[in-house]
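Biologist: I would like to learn how to read some features of a protein model. Could we take them one at a time?

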Amino acid sequence: MNNHDKILILDFGSQLTQLIARRVRELNIYSEIRPFSISDKEIENFNPKAIILSGGSESVTDFDSPKIPKVIYELNVPILGICYGQQAICKDFGGTVSSSTSRSYGAAQLEILEKSMLFDDYWQPKNNYQVWMSHGDCVSKLPDDFKVIAKTDKAPYAAISHKTKNIFGIQFHPEVSHTLDGIKLIDTFLTKIANCKKDWKMGSFIDEAINQIKNRVGKEKVALGLSGGVDSTVVATLLNKAIGKQLYCIFVNNGLLRHNEVEEVEKSLKDNFDLQIITIDAQKKFLSELKGVSDPEEKRKIIGRVFIETFQSAIKDIGNIRYLAQGTIYPDVIESAATSTGKKVTIKSHHNVGGLPKDMGNLKLIEPLRLLFKDEVRKLGKELGVPSLILNRHPFPGPGLGIRVIGEVTEEKCDILRKADYIFINTLKENGLYDKIWQAYVALLPVKTVGVMGDARTYQHICVLRAVTSVDGMTADYVDLPHSILGLVARKIVNEVQGINRVVYDITSKPPATIEME
Ligand code: XMP
């Protein structure tokens with residue numbers, strides 16, 4: 001690690017802090033996020049080549065708002081303050097920050113006022129550049145040591161720079177894609193101002209992660225819940241490299257998996273990586289606990305509880321497990337600010353990360369992907385040699401078909417759904433559409449309608465095809481699938497799947513709908 005230049009990102013509680021780290025990684029420069037409350041000693045030991053101060057949801061005008069550790073000004077390294085970071089710098093140097101009653105949120109046009117180290121030759125004075133604002137407070141009086149280098153209509157101090165030192169502040173967010181030249185700005189700060197070398201790669205991440213895991217785990221045993229999805233598979237292969245047979249992958253067959261899923265996952269992971277997989281057939285248990293239950297939340301809770309019980313008993317059977325590895329990735333993490341400001345700002349309560357139940361509390365968590373976004377996990381998986389069949393799989397929810405059989409779940413309905421889903425997904429693959437879609441699946445509705453087959457009247461289920469585009473699952477839109485494909489899938493399903501006589505296509509976006517139907 002000591003060979004790379006390191007960027008310290010101090011987190012003041014913004015939901016975008018992780019995105020800053022990601023942008024720095026995209027530039028092949030190593031960065032770490034630490035809470036603003038980090039000790040002076042830790043900052044010195046970190047030995048940053050540059051420091052970025054994140055945004056934050058609090059107001060620097062509040063008495064107990066997060067403060068910049070003063071030691072960073074003594075290190076003589078370039079500093080870039082973003083939004084809250086800029087305001088906190090201004091306050092430290094004697095400027096004034098005012099709370100505004102209305103939040104400024106959205107796109108704004110940045111006008112470059114003069115060339116500077118930050119706005120180098122790439123930027124043309126008097127030209128406008130789209131930037132993204134998201135703030136309540138703003139700087140109202142500049143400290144004497146600073147000058148303004150760019151402004152927008154509403155933000156006279158949109159970018160500022162210290163007159164003699166490499167300290168910069170920007171009101172907008174260069175880390176979001178809506179700031180069109182944001183990455184260029186971060187690049188300039190890191191490579192031209194801080195002279196960082198771009199020599200950090202995903203391969204370095206693997207080596208570092210393996211070393212960390214080895215050092216932490218020693219000779220102890222680690223258990224991992226394997227789902228066959230991208231995240232848990234990548235964690236499994238990473239841990240396998242680090243600790244080999246000390247890793248026990250537990251794959252629970254809950255009866256709510258897709259067609260051939262157990263066989264495919266076992267085969268591809270055992271064949272390619274010689275992973276130690278323990279498959280537990282708990283189909284009967286899950287289905288009997290779900291009997292008679294049709295409320296979506298109740299179903300989720302039952303599936304979650306039975307999973308934990310099954311998993312716990314598997315761990316007990318193995319014996320002496322000390323660590324639990326999880327494929328938690330950054331978007332799964334519930335809280336953002338909790339670690340830094342102590343005040344919890346909930347982005348979303350994701351269904352994967354519920355925390356460990358109390359009686360599993362003696363297991364220590366290993367989450368090597370916690371700081372990565374999905375596409376970074378895929379990149380990592382590729383480097384680790386995970387087959388593209390697994391890496392490019394669409395997301396599949398933990399409760400599986402349990403939330404795709406709408407209403408009460410039975411084995412028979414799951415069997416019907418598995419067949420229909422297989423036909424839809426295969427048709428998408430055969431027509432080169434699967435990889436262009438973020439997520440596609442079939443759900444089974446709890447209504448039957450009348451149809452006619454041959455000369456006979458049928459009275460069978462309706463199934464719904466769902467295919468969406470999305471970036472992160474938070475918002476989504478339906479895919480405009482060709483009618484010919486929809487028609488083909490409908491014909492195949494009705495002809496080949498006993499139990500379905502009608503197929504519909506869901507054309508709602510999220511919001512107002514969600515991706516899953518329960
Ligand atoms: P929704 O339905 O909330 O789904 O729009 C967003 C994304 O999350 C997945 N999803 C889940 N994943 N456990 C999971 O691991 C769950 O309980 C769960 N519910 C939804 C969903 O498939 C989509 O990708």
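Predicted model: local features only at pLDDT ≥ 70, side-chain atom pairs only at ≥ 80, totals over all residues.

Biologist: How many salt bridges does the count come to?

Modeller: A salt bridge is a side-chain nitrogen of Lys or Arg within 4 Å of a carboxyl oxygen of Asp or Glu. By this rule there are 28 salt bridges. One of them joins Asp231 and Lys374, with the closest N and O atoms 3.2 Å apart. Asp231 is in helix α7 (residues 230–243) and Lys374 in helix α11 (residues 374–384), so this pair links parts of the chain 143 residues apart. Helices (H or I, at least four residues) and strands (E, at least two) are DSSP runs, numbered from the N terminus.

Biologist: Is Asp231 buried or exposed?

Modeller: Buried means under 20% relative accessible area, exposed over 50%, and partly exposed in between (1.4 Å probe, protein chains only). Asp231 has a relative accessible area of 10% and is buried, whereas Lys374, with 25%, is partly exposed.

Biologist: Which residue does Arg404 meet in a salt bridge?

Modeller: Arg404 pairs with Glu516, at 2.9 Å from N to O. Glu516 lies in the segment after β20 (500–505) and Arg404 in the loop between α12 (388–391) and α13 (411–430), so the bridge ties together parts 112 residues apart in sequence. Glu516 and Arg404 are both buried. Elsewhere, salt bridges that share partners join Arg22, Arg23, Glu26 and Asp375 into one network.

Biologist: Why is helix α4 described as largely enclosed?

Modeller: Helix α4 (residues 84–92) has nine residues and seven of them are buried, so the rest of the structure largely encloses it. The buried residues of α4 are Tyr84, Gly85, Gln86, Gln87, Ala88, Ile89 and Cys90. Just after α4, Gly94 takes a positive phi of about 95°.

Biologist: How do I read a crossing of two helices?

Modeller: Axes are lines fitted to C-alpha atoms, for helices over the stretch in contact, and angles run from 0 to 180 degrees between N-to-C directions. Angles under 35 degrees count as roughly parallel, over 145 as roughly antiparallel, 65 to 115 as roughly perpendicular and the rest as oblique. The axes of α7 and α11 come within 10 Å and cross at roughly 40°. That makes α7 oblique to α11.

Biologist: Which residues of α7 and α11 make the contact?

Modeller: Contact means heavy atoms within 4.5 Å. From α7 come Val230, Asp231, Val234, Thr237, Leu238 and Lys241, and from α11 come Lys374, Val377, Arg378, Leu380, Gly381 and Leu384. By class, this contact of α7 with α11 has six nonpolar, two polar and four charged residues. Here Ala, Val, Leu, Ile, Met, Phe, Trp, Tyr, Cys and Pro count as nonpolar, Asp, Glu, Lys and Arg as charged, and the others, Gly among them, as polar.

Biologist: At what angle do α6 and α7 cross?

Modeller: The axes of helix α6 (residues 202–217) and α7 cross at roughly 60° and come within 9 Å. That makes α6 oblique to α7, and α6 passes α7 in a right-handed crossing. Ile206, Ala209, Ile210, Ile213, Lys214 and Val217 in α6 meet Leu238, Leu239, Lys241, Ala242 and Ile243 in α7. This contact of α6 with α7 has nine nonpolar, no polar and two charged residues.

Biologist: What should I look for in the backbone?

Modeller: Most residues other than glycine have a negative phi, and most peptide bonds are trans. Asn28 has a positive phi near 60° and lies in the loop between α1 (17–26) and β2 (30–35). For Asn76, phi is near 65°, and Asn76 is exposed at 72% relative accessibility.

Biologist: Where are cis peptide bonds found?

Modeller: The bond from Lys510 to Pro511 is cis, with omega near -15°. Another cis bond joins Pro511 and Pro512, with omega about 10°. Pro511 is in the segment after β20, and Pro512 is placed in the segment after β20 as well.

Technical notes
Residues numbered from 1 in each chain as written. Heavy atoms only, no water. Left-handed = near helix turned anticlockwise from the far one by under 90°.
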